[in-house]
Amino acid sequence: MTDEELVVAMARGNQAAFEALVHRYHAPLLGYLERMLRDRRKAEDVVQETFLKLIKQLKTKKTPEKIKPWLYQVATNQCRDYWKSAGFRSEKQILDFIPDQADREPSVVELFERQESRVEFLKQLDTLSETQREIVYLRFYQELKYQEIAEALELPLGTVKSNLFHALKKLKASIERKEEVSHARHRS
């Protein structure tokens with residue numbers, strides 16, 4: 001069944017359709033939200049709240065036209081609301097105070113290097129604007145199409161493409177600078 005068929009069936013009260021839609025989108029939404037929030041428990045809460053909002057939406061007889069971008073839009077908006085909340089600011093102050101701990105004994109050097117690269121890449125993503133970061137996550141981690149991203153973030157298609165272009169350009173330049181510094185250190 002298509003997403004739209006599942007939603008129509010859900011609107012009629014079909015529990016199996018709801019379970020099928022949750023099964024289809026729970027893991028992708030959770031992955032997206034974990035990257036955005038960097039907190040699995042909070043991401044789980046937001047996923048649940050996203051599906052609850054869908055149920056409430058269907059009860060008002062307003063069925064979303066395209067469910068995939070709608071779900072990501074609701075999830076993204078909840079992230080934005082959370083970041084603006086006092087709870088987030090107090091959690092962030094506490095987390096900023098706690099020093100990062102590196103792996104003490106990596107079992108395999110390669111795994112450690114991959115983790116270091118991943119952490120470094122996530123730091124580079126933090127240098128992007130909020131909109132650019134959201135677009136990168138939705139495009140490359142969630143594999144949404146440009147039009148779906150535009151709908152999810154309520155942005156014109158051209159803005160999505162432009163932001164993605166500039167984000168990738170900035171990430172590439174940052175990675176190249178880091179590599180140049182690393183090569184210069186090894187030559188010394």
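Trainee: Where is glutamate 148 placed?

Mentor: In this predicted model, glutamate 148 lies in helix 8, which spans residues 146–153.

Trainee: Is glutamate 148 buried or exposed?

Mentor: A residue is called buried when its relative accessible area is under 20%. Glutamate 148 has 17% relative accessibility, so it counts as buried. Apart from neighbours within four places in sequence, glutamate 148 is in contact with Lys68 and Pro69.

Trainee: What should I note about phi in glutamate 143?

Mentor: Glutamate 143 is not a glycine, and its phi is positive, near 55°. This residue sits in the loop between helix 7 and helix 8. Exposed means over 50% relative accessible area; glutamate 143, at 62%, therefore counts as exposed.

Trainee: Which value of phi does glutamate 154 have?

Mentor: Glutamate 154, also not a glycine, has a positive phi of about 55°. Its place is the loop between helix 8 and helix 9 (157–187). With a relative accessible area of 60%, glutamate 154 is exposed.

Trainee: How do helix 4 and helix 7 pack, and at what angle?

Mentor: One reads the angle together with the distance between axes. Helix 4 (residues 67–84) packs with helix 7 at about 145°, and the axes are 13 Å apart. The crossing is right-handed. Tyr72, Thr76, Arg80 and Trp83 of helix 4 meet Glu130, Glu134 and Leu138 of helix 7.

Trainee: Which residues form a nonpolar patch on the surface?

Mentor: The patch consists of Phe140, Tyr141 and Leu168, which together have about 260 Å² of accessible area. Phenylalanine 140 belongs to helix 7 (residues 130–141) and, at 45% relative accessibility, counts as partly exposed.

Definitions and conventions
Residues numbered from 1 in each chain as written. Predicted model: local features only at pLDDT ≥ 70, side-chain atom pairs only at ≥ 80, totals over all residues. Heavy atoms only, no water. Patch = residues over 30% accessible without salt bridge, like charges linked within 9 Å, V, L, I, M, F, W, Y side chains within 5 Å. Areas by Shrake-Rupley, 256 points an atom, 1.4 Å probe, with all protein chains shown as cover. Salt bridge = Lys/Arg side-chain N within 4 Å of Asp/Glu carboxyl O. Helix = DSSP H or I, 4+ residues; strand = E, 2+ residues; numbered from the N terminus. Buried < 20%, exposed > 50% of the residue type's maximum accessible area, 1.4 Å probe, protein only. Axes fitted to C-alpha atoms, helices over the stretch in contact; angles between N-to-C directions. Left-handed = near helix turned anticlockwise from the far one by under 90°. Contact = heavy atoms within 4.5 Å.
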